Amino acid sequence: MYRFKLELVTAIATWALAAACHQLPRASDGSEGSCHQGDADFKALGAKLSSNAQVYCPGSSGFKDATTRWSVLEEPQVNIVFVPGTENDVAEIVQYANKKDLPFLTYNGVHGALTSLGKMDHGIAIYMGQLSSVQVAADGQTATFGGGTMSKLVTDELWAAGKQTVTGTCECVSLLGPALGGGHGWLQGHHGLVSDQFVSMNIVLADGTLTTIDETSDLWWAVKGAGHNFGIVTSLTSKIYDIEHSDWAIETIIFSGDKVEEVYQATNDYLLKNGTQPAGVINWSYWMNNAEADPSNPVIVFYIIQEGVTAVDTAYTAPFHNIGPISVTAESGTYKDLAAWTSIATSSPPCQKMGMANPRFPIYLETYDVAAQKQAWDVYANAIRGSSAFNNSIFMFEGYSVGGVHSIDASTSAFAFRSENLLAAPLINYFPDGAELDQKAASLGQELRNILFKASGRDHIRAYVNYAYGDETPQQLYGSEDWRQQRLQELKKTYDPSGKFSFYAPVA
């Protein structure tokens with residue numbers, strides 16, 4: 001029996017491919033195809049997939065749940081969703097897609113918002129939700145995670161075992177999505193990026209081969225920073241660590257916009273300190289509208305986070321108290337509270353899919369240029385206050401500890417920007433209303449980023465691939481050095497000569 005599970009609009013039914021007729025993706029020439037008794041390839045695929053594999057067709061709630069994205073700007077278009085039940089299922093689905101000459105795209109936390117994804121106008125979605133697992137090794141030094149595992153599950157399962165590792169900060173993104181682009185996290189000051197924890201992985205390559213790679217593979221360098229271009233990771237083994245500090249504390253300090261220069265000068269002087277911020281101290285800030293703090297103007301929401309304490313040290317907080325904030329809120333808890341404190345927990349607005357466009361325009365910085373912060377604030381505040389279509393937009397400034405990132409030789413991975421100390425990104429949030437509004441949003445985001453770029457003195461924008469807008473060059477995403485670009489191109493030619501993995505921040 002050729003088994004899938006097909007969820008229809010009105011019911012869930014198990015069906016035999018030999019007797020079913022369902023809509024398949026259109027062929028590469030744009031014509032519509034169908035799945036029925038005469039489609040030998042689809043029938044053969046059903047025989048190869050595990051009994052847990054599922055397929056969702058358009059119109060079903062399963063299809064909608066799997067494909068609804070956090071950002072609806074330039075969404076990829078797919079005609080069918082396969083949900084693999086095993087790692088080998090992924091390989092079989094890719095082989096089938098190749099045989100039918102159909103594009104395919106991996107779906108996980110669906111927070112990728114790059115406009116380059118919109119270049120996929122038909123094809124197959126491979127939804128990884130069933131490949132979710134956390135298995136701690138007997139020696140407690142590593143853990144193996146399924147390719148569809150969410151960051152929150154990793155944190156929760158490891159914490160219960162007295163362990164932790166570097167993950168992305170937002171609870172509703174997958175472990176692998178951020179990791180393949182380097183991956184920033186709360187613990188990076190100690191251990192480096194998410195990708196720096198990689199020990200080995202099972203990966204399905206462009207030809208549908210399921211293989212295991214580690215540091216002995218020439219592909220290892222590429223998957224640590226440009227991994228979205230080279231395969232589908234079905235499982236990952238990473239380093240894990242004993243929990244060193246159970247206590248964490250935060251102060252949320254809200255300022256009016258007229259304090260912008262003082263706030264970021266204090267950040268440079270008392271927190272960043274030219275990249276020497278202590279491993280256990282993190283500073284973040286959001287520019288945003290907050291009617292409770294100021295009903296008429298956006299405000300600066302500034303976080304100072306510290307591990308191993310129940311109250312943030314006054315050596316870090318006092319300089320900001322002296323500036324004269326609107327409010328100060330102190331909280332204490334554990335590592336597991338960080339996402340809720342910073343409004344990126346599963347229940348927070350950024351984890352909801354509300355039909356909005358969410359383009360971001362990231363840039364790495366070494367320090368805050370105070371004059372540029374003021375200039376950017378004026379542009380931002382004027383653009384988002386009041387009844388503006390962009391009044392839910394925020395400007396994110398992420399000041400992680402960087403010692404663990406700096407300590408690793410930049411030549412050892414495709415992630416190129418290890419010398420930087422800050423990650424900034426305007427996020428222009430709005431309900432789509434035509435091409436003109438989309439262009440206004442893009443222009444605003446680009447203008448804000450360019451203000452910071454011009455003040456940086458750099459020759460090239462250095463952009464975090466996981467926050468990218470989608471029109472950045474490979475040099476901006478993966479480093480401008482000739483040797484980096486050449487190495488990426490050579491590996492792409494070897495492992496994906498037909499460009500199967502080219503919708504998410506392509507290397508060429």
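UniProt lists residues 73–243 as "domain: FAD-binding PCMH-type", and that comes from an unreviewed entry. Keep in mind that what you're looking at is a predicted model. Here's a quick tour of that stretch, then a sheet and a pair of helices.

**The listed domain**
- Residues 73–243 are 22% helix and 26% strand.

- Strands of a sheet pair through backbone hydrogen bonds, in either a parallel or an antiparallel way.
- Here you'll find an open sheet of 7 strands, in the order 19-16-18-17-21-22-20, with antiparallel pairing.
- Strand 19 (327–333) and strand 20 (363–365) are the edge strands, since each pairs on one side only.
- Ignoring direction, neighbouring strands of this sheet are turned by 15° against each other on average.

- Helix 11 (residues 370–384) packs against helix 13 (residues 435–456) at an angle of about 170°, and their axes are 9 Å apart.
- Angles over 145 degrees count as roughly antiparallel, so that is how helix 11 and helix 13 are arranged.
- On the helix 11 side, the contact includes Ala372, Val379 and Tyr380, while helix 13 brings Leu444, Glu447 and Ile451, among others.
- By class, this contact between helix 11 and helix 13 has 10 nonpolar, 2 polar and 1 charged residues.

**Where helix meets sheet**
- Helix 13 also lies across strand 20, strand 21 (394–399) and strand 22 (422–427).
- Helix 13 runs at about 25° to strand 20.

Note on methods. Residues numbered from 1 in each chain as written. Predicted model: local features only at pLDDT ≥ 70, side-chain atom pairs only at ≥ 80, totals over all residues. Heavy atoms only, no water. UniProt positions renumbered as here; feature names shortened; annotations may be inferred. Helix = DSSP H or I, 4+ residues; strand = E, 2+ residues; numbered from the N terminus. Axes fitted to C-alpha atoms, helices over the stretch in contact; angles between N-to-C directions. Parallel < 35°, antiparallel > 145°, perpendicular 65-115°, else oblique. Contact = heavy atoms within 4.5 Å. Nonpolar A, V, L, I, M, F, W, Y, C, P; charged D, E, K, R; others polar. Pairing = 2+ DSSP bridges.
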